[in-house]
Amino acid sequence: MHNYLITSTPEKAEALQDSCLHMDDSAAKCCSKKDTGGMEQWAKDFKMVEVQSLSCDWYHSTWQFLRLINMVAVPDWYPFYVGAIKQVLVHNPNSKIFISACADYGMLAKLHEAIEEYNNEHETNCNPQITIADICITPLQNAKWYAANAYLKIDSFVCDNIITGNFPEGEYDLIITDEFLSVIKDELKQEVVDKWKKLLSSGGCVITTAMQGEPTNSEKRAFFAQKARARIKANPQLFPFSFDKDAFENIMKKTDRFAELHTRHMIKNKEQLVDLFRNFAHLQLDLVETPGECVNPTFSYQIIAKVNK
Ligand SMILES: C[S@@+](CC[C@H](N)C(=O)[O-])C[C@H]1O[C@@H](n2cnc3c(N)ncnc32)[C@H](O)[C@@H]1O
């Protein structure tokens, strides 16, 4: 078995390459059509495609390949996660932690880094209880794959929606998720934030990120598709060793499709976040520069929101 302890660059690269094939396979089998929600909602709302059969496989099967060429937002883009999560573990080494949707194993890997750092710095190991939920089973399969390789115990649940999901209220010391607010359309953002507040235990906190920017328009989509093709052609060594000409051609078609359908509902400004989190007792917002997806660079908020004890 590989050691997927995510602390060194070659191991990170190896885990990511392995996960591309794993997730491509899972997406074909597991991504399914939903009545509402998920990464396909925008395309359905705008009738961009034949909606009857649309699932989220275009997103989940392509995401890891786009990670190889650093073209999608991932927890690794944000420097605050490990330190911020570790602070929660220092306060309570047995914290109950909820990952509120995940594109893949990326958020779990960040949590794993924080756990490892904590364990290296303390005499006894921490023992957080980790629950992950998503509207689609594919990212959960990917997180389970990572967890098995990293010897982490997790519980995972497919939910109809984070907003309506039947999770225990007042239960979690920490909720983490990366860029969930920028995949949720504006009219639902407040319901998501309110749901997080309900799920937190007293003194608990949300640690997340949210990109700031403009709507995803057709120029940005074309730019993204062209850039993905160019990066794939220039960097074949980043892709699995087994890749032949047809596999590369197939990936470029997938990235074209991703560019056509992937939509960010970005945060307009700091005031919008201050308003969304107004019912929390403490809010920390730090604007950081990231490589960005359709706009390079992009600015994004690192968010820590706490409720009262
Ligand atoms: C956490 S988000 C974003 C993660 C990624 N780092 C990014 O920047 O796009 C992506 C995940 O949210 C899930 N998702 C989207 N809408 C959802 C909803 N309403 N309830 C639960 N999960 C949802 C999708 O299935 C996907 O796996």
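This is a guided tour of the structure above, stop by stop.

**Before you start**

The model is predicted: local features need pLDDT of at least 70, side-chain atom pairs count only at pLDDT 80 or more, and totals for chains, interfaces and linings use all residues. Residues are numbered from 1 along each chain as its sequence is written.

**Stop 1: the whole chain**

Show the protein as a cartoon. Its secondary structure comes to 11 helices and 7 strands. Helices (H or I, at least four residues) and strands (E, at least two) are DSSP runs, numbered from the N terminus. The radius of gyration is 19 Å, close to the 19 Å that the globule rule gives for 309 residues, so the protein is as compact as a globular protein of that length. That radius is taken over C-alpha atoms, and the rule is 2.2 Å times the number of residues to the power 0.38. Along the principal axes, the C-alpha atoms fill a box of roughly 55 × 45 × 35 Å.

Now colour by burial. A residue is buried if 20 or more other C-beta atoms lie within 10 Å of its own, exposed if 12 or fewer, and partly exposed in between, with C-beta atoms placed from the backbone. Of the 309 residues, 43% count as buried. Turn to contacts, which are pairs whose C-beta atoms, placed from the backbone, lie within 7 Å. Of the contacts with a separation of 6 or more, 80% are between residues 24 or more positions apart.

**Stop 2: the core**

Select Ile85, Leu108, Leu111, Leu174, Ile175 and Ile176. These have the most contacts inside the largest nonpolar core, which has 85 residues. Helix α6 (residues 106-121) gives the largest share of this core, 7 residues. A nonpolar core is a set of buried Ala, Val, Leu, Ile, Met, Phe, Trp, Tyr and Cys residues joined through C-beta atoms within 7 Å. In soluble globular proteins, nonpolar side chains tend to be buried together.

Centre on Ile175. Leaving out residues up to four places away in sequence, Ile175 touches Phe98, Ser100, Trp196, Leu199, Leu200 and Val206.

**Stop 3: helix α6**

Select α6. This helix has 16 residues and reaches 23 Å from its first C-alpha to its last, close to the 22 Å expected at 1.5 Å a residue. The expected span is 1.5 Å times one less than the number of residues. Its buried residues are Gly106, Met107, Leu108, Ala109, Lys110, Leu111, His112, Ala114, Ile115 and Tyr118.

**Stop 4**

Step back to Ala101, in the loop between β1 (96-100) and α6. Its phi is near 80°, a positive value in a residue other than glycine. Ala101 is buried, with 24 other C-beta atoms within 10 Å.

Ala103 lies in the loop between β1 and α6 as well. It is buried, with 29 other C-beta atoms within 10 Å. Not counting residues up to four places away in sequence, Ala103 touches Trp63 and Pro139. Met39 is 64 residues from Ala103 along the chain, and their C-alpha atoms are separated by 9.8 Å.

Show the ligand. Of the 21 residues around it, Ala73, Ala101, Ala103, Ile135 and Glu179 come nearest. A residue counts as near if its C-beta atom, placed from the backbone, lies within 6 Å of the molecule. The shell divides into 14 nonpolar, 4 polar and 3 charged residues. Here Ala, Val, Leu, Ile, Met, Phe, Trp, Tyr, Cys and Pro count as nonpolar, Asp, Glu, Lys and Arg as charged, and the others, Gly among them, as polar.

**Stop 5: helix α7**

Select residues 137-150. At 1.5 Å a residue, the 14 residues of α7 should span 20 Å; the end C-alpha atoms are 20 Å apart, which agrees. Buried residues in α7 include Thr138, Pro139, Leu140, Tyr146 and Ala150. Asn149, with 17 C-beta neighbours inside 10 Å, counts as partly exposed. Just after the helix, Tyr151 takes a positive phi of about 60°.

**Stop 6**

Most residues other than glycine have a negative phi, and most peptide bonds are trans. Asn70 has a positive phi of about 55° although it is not a glycine. Find Asn70 in the loop between α4 (63-68) and α5 (81-91).

Finish at Pro297, in the loop between β6 (282-290) and β7 (298-306). A cis peptide bond joins Asn296 and Pro297, with omega about 0°.

Terms used
Contact = placed C-beta atoms within 7 Å.
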